[in-house]
Amino acid sequence: MAKPSMLAQTIIPTKALVITTDPAHPLYQDRALEDADPFLVQDMESNGWKHGNVVVVLSKDDPNKYLVVAGRRRTKAALAAGIKEIPAICLGDEKYLRPSDLVSVMVRENEQRKQNNTLARAVEASKLLELRLLDYKPTEWPEEVAWSPNKEQKKEAKASVAADFGLSVSGLGHLLSVLDENKVSDALREALERDDLSFRAARGLLSSTKQEQEAALARLAAVMTTRKSEGRSVTASDVEAVTGKKQLVKVERTTLERIILRRTCPSDVKQFIGWLLDQKAPTDLTYLPGRLDKGRAAASATEDSNEE
């Protein structure tokens with residue numbers, strides 16, 4: 001099988017696609033263990049593949065396989081529906097790419113197509129932030145010597161990860177706070193894992209004590225049942241009605257809107273994400289995700305110089 005060049009659109013046999021089930025792999029998600037979506041399978045059986053491109057990299061473990069970066073649900077459904085080939089964008093060879101770049105693409109795709117539950121998003125954000133910080137570690141740094149990023153590097157990494165999730169830096173902090181066992185009760189954690197609460201609704205409870213969280217969730221039980229029957233999660237307004245606390249939270253923009261309107265990264269990055277959203281691969285794209293994402297200040301300066 002001929003190997004496509006980096007960021008080339010190609011057709012790949014579904015049997016050559018691999019979805020990692022190794023929890024230690026940066027691209028691992030719990031979704032990988034789920035069965036194929038029966039509604040998506042039925043749609044593909046009836047109409048064939050009409051679901052854009054999946055994003056892949058050449059597997060470092062097997063040169064004849066492609067590791068799925070974005071498009072797990074669609075790939076699983078295609079395999080279950082018996083589809084032989086699907087269109088894909090290949091980012092290159094996995095062994096030459098930074099894990100943070102691959103996770104960034106995965107996150108951006110998830111945020112636009114089908115978000116994980118709040119707890120899973122927090123885990124992904126934590127993992128991506130850790131990888132972004134490791135990108136600053138000098139390659140020649142001795143392993144036996146402790147290393148930690150400086151304040152500016154932490155700031156840049158947080159801005160980059162926040163942009164991937166379509167959040168402000170403070171919003172990213174709120175998302176990561178759901179992983180704090182000292183702040184989150186077992187009942188709230190379970191509700192987040194079941195996707196019973198939206199992220200904004202969860203933010204309304206994080207400032208409460210664990211006992212207050214459990215009491216509020218008990219009062220929200222009937223609302224949760226109703227929302228679940230409607231195919232929705234409990235909203236911030238539902239939480240406000242129970243707790244009596246008004247949330248002063250700005251509605252977060254989508255990843256693409258925030259990147260374009262707030263200039264969080266250079267024009268090359270915007271072009272890549274624009275492609276990822278409409279699945280049209282530009283022929284002159286040289287950007288590899290994360291490579292030029294150096295924080296708000298540097299990005300703004302780059303953008304301004306381009307406009308001049």
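What percentage of the 308 residues of the protein chain counts as buried? In this predicted model, the buried share of the protein chain is 47%. The accessible surface of the chain amounts to about 15800 Å², of which carbon and sulfur atoms supply 50%. The secondary structure consists of 14 helices and five strands. Among contacts in the chain with a separation of 6 or more, 73% join residues 24 or more positions apart.

Strand β4, residues 66-70, was examined together with its pairing partners. Five of its five residues are buried, so the strand is largely enclosed by the rest of the structure. With strand β2 (residues 17-18), β4 pairs in the parallel sense over two bridges; here Val18 has Leu67 of β4 as its bridge partner. With strand β3 (residues 54-58), the pairing of β4 is antiparallel and extends over four bridges, and Val56 is placed opposite Val68 of β4. In a regular strand, side chains alternate between the two faces of the sheet.

In soluble globular proteins, nonpolar side chains tend to be buried together. The largest nonpolar core of this model has 44 residues, and the members that touch the most others are Val69, Phe165, Leu188, Leu197 and Leu217. Helix α4 provides the largest share of this core, with seven residues. Another core, of 21 residues, lies apart from the largest one and includes Val68, Ala78, Ala88 and Cys90.

The surroundings of Leu197 were examined with neighbours within four places in sequence left aside. Leu197 is then in contact with Thr118, Leu188, Ala191, Leu192, Leu205, Leu217, Met224, Ser233 and Val234.

Helix α6, residues 169-177, has Gly171, Leu172, Leu175 and Ser177 as buried residues. The packing partners of the buried residues of α6 are the helices α4 (118-134), α5 (151-164) and α8 (199-206).

Arg121, however, lies over the face of Phe199, at 5.8 Å from the ring centre.

How values were computed. Residues are numbered from 1 along each chain as its sequence is written. This is a predicted model: local features need pLDDT of at least 70, side-chain atom pairs count only at pLDDT 80 or more; totals for chains, interfaces and linings use all residues. Side-chain values use heavy atoms; hydrogens and water are left out. Buried means under 20% relative accessible area, exposed over 50%, partly exposed in between (1.4 Å probe, protein chains only). Two strands pair if DSSP finds at least two bridges between them. Contact means heavy atoms within 4.5 Å. A nonpolar core is a set of buried Ala, Val, Leu, Ile, Met, Phe, Trp, Tyr and Cys residues joined through side-chain atoms within 4.5 Å. A charge sits over a ring if NZ of Lys or CZ of Arg is within 6 Å of the ring centre and within 35 degrees of the ring normal. Accessible areas come from the Shrake-Rupley method with a 1.4 Å probe; for residues, only the protein chains shown count as cover.
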